[in-house]
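Reader: I would like to go through this model residue by residue before I plan anything around it. Could we take the backbone and the charged side chains in turn?

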Amino acid sequence: MPNRLGAYLDSIRARDPAPHSRAEVLLYPGVAALAFHRIAHRLYRGRLFFLARFVNHCARAWTAIDIHPGAKIGRRFFIDHGFVVIGETAEIGDDVTIYQCVTLGGTSPDNGVAGKRHPTLANGVIIGSGAQVLGPITVGARARIGANAVVTKDVAEGAVMVGIPARPTTIAGGKGEAKFLAYGTPCSELFDPQTQKVELLRCELETLRKRLDILSALLLVEEEQKRA
């Protein structure tokens, strides 16, 4: 148990350079919220729903993080700062990182049957601050969700999603990335949606120019054939 706790704290220090010791990491609200959730989830699985909710309520009041007792969370999960909401049927894999003001929200069932309503995050996913991941969708392994993105559809493995609604960038950030990407996306203008729109327009313009050249050449050929 001490070894597992030490490995968990070290995994957080690897993703956040601010703490100077393991003891400091223990004071993080995300660590406390996860500890409370482990207790609440066991009570929930034991069908002690009121006690599970009570533990959840205490954790929310202390940490400003609301994790439903029914949510399934893997190993080395890290919430950096608070004001995070995680729904009942959410499933989170190993080594997932979530920043402040993120919601893993659900859909309201039309028929009154509470099925799978919340997202599933595969291993190594990073969710940037303010992002909203909504519905029973799947975010693939090592995918990155940029700050303030709104995700309502499945995300491919290794994709980098930005915007409202979220769309994949032209560069896959999760494939071959050796370093941890804070807040889900690199601090580079290559990942700026506005910059990418300009580049896409340039590509479209170049394609149109090539087509125009081809049409011009065909017209010249037809005119020469008519003259002949």
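Reader: Is arginine 47 buried or exposed?
Author: In this predicted model, arginine 47 sits in the loop between helix H3 (29-45) and H4, where its phi is positive, about 65°, although the residue is not a glycine. Most residues other than glycine have a negative phi. As for its surroundings, the cut-off for the exposed class is over 50% relative accessible area, and because arginine 47 has a relative accessibility of 61%, it counts as exposed.

Reader: What is the phi of aspartate 95, and where is that residue found?
Author: Aspartate 95 is found in the loop between strand E5 (91-92) and strand E6 (97-98), and with a relative accessible area of 32% it is partly exposed. Its phi is a positive value in a residue other than glycine, and lies near 60°.

Reader: Which side chain of opposite charge is nearest to arginine 15, and how far away is it?
Author: Arginine 15 is found in helix H1 (residues 2-15), and it is buried yet has no salt bridge. A salt bridge needs a side-chain nitrogen within 4 Å of a carboxyl oxygen, whereas the side chain of arginine 15 does reach the backbone oxygen of valine 96, at 3.3 Å. The nearest side chain of opposite charge is that of aspartate 95, at 5.0 Å.

Reader: Which parts does the salt bridge between aspartate 10 and arginine 22 tie together, and how many residues apart are they in sequence?
Author: The closest N and O atoms of aspartate 10 and arginine 22 are 2.7 Å apart. Both residues are partly exposed, aspartate 10 with a relative accessible area of 33% and arginine 22 with 39%. Because aspartate 10 lies in helix H1 and arginine 22 in helix H2 (residues 22-25), the pair ties together parts that are 12 residues apart in sequence.

Reader: In the salt bridge of aspartate 66 with arginine 60, what are the relative accessibilities of the two residues?
Author: The closest N and O atoms of this pair are 3.3 Å apart. Arginine 60 is partly exposed, with a relative accessible area of 34%, whereas aspartate 66 counts as buried, at 18%.

Reader: How many residues apart in sequence are the parts tied together by arginine 142 and glutamate 157?
Author: The side chains of arginine 142 and glutamate 157 meet in a salt bridge, with N to O at 2.5 Å. Arginine 142 lies in the loop between strand E11 (138-139) and strand E12 (144-145), and glutamate 157 in the loop between strand E13 (150-151) and strand E14 (160-162), so the parts tied together are 15 residues apart.

Reader: Is the peptide bond from isoleucine 164 to proline 165 cis or trans?
Author: Proline 165 lies in the loop between E14 and strand E15 (167-168). Most peptide bonds are trans. For the bond from isoleucine 164 to proline 165, however, omega is near -10°, and the bond is cis.

Reader: Which residues make the nonpolar surface patch of about 440 Å²?
Author: Leucine 51, one of its members, has its place in helix H4 (residues 49-63) and is partly exposed, with a relative accessible area of 41%. The patch is made by Leu48, Phe50, Leu51 and Phe54.

Reader: How many disulfides does a search of the whole structure find?
Author: Cysteine 58 is partly exposed, with a relative accessible area of 30%, and cysteine 101 is partly exposed too, at 38%. A disulfide would need two cysteine sulfur atoms within 2.5 Å, and the number found in the whole structure is 0.

Notes:
Residues are numbered from 1 along each chain as its sequence is written. This is a predicted model: local features need pLDDT of at least 70, side-chain atom pairs count only at pLDDT 80 or more; totals for chains, interfaces and linings use all residues. Side-chain values use heavy atoms; hydrogens and water are left out. Buried means under 20% relative accessible area, exposed over 50%, partly exposed in between (1.4 Å probe, protein chains only). Helices (H or I, at least four residues) and strands (E, at least two) are DSSP runs, numbered from the N terminus. Lys and Arg count as positive and Asp and Glu as negative; His and the chain ends are not counted. A polar contact is a pair of N or O atoms within 3.5 Å; within protein, one must be able to donate a hydrogen and the other to accept it, and residues adjacent in sequence count only if both atoms are side-chain atoms. Patches are made of residues with over 30% relative accessible area and no salt bridge: like charges are joined within 9 Å, nonpolar side chains (Val, Leu, Ile, Met, Phe, Trp, Tyr) within 5 Å. Accessible areas come from the Shrake-Rupley method with a 1.4 Å probe; for residues, only the protein chains shown count as cover.
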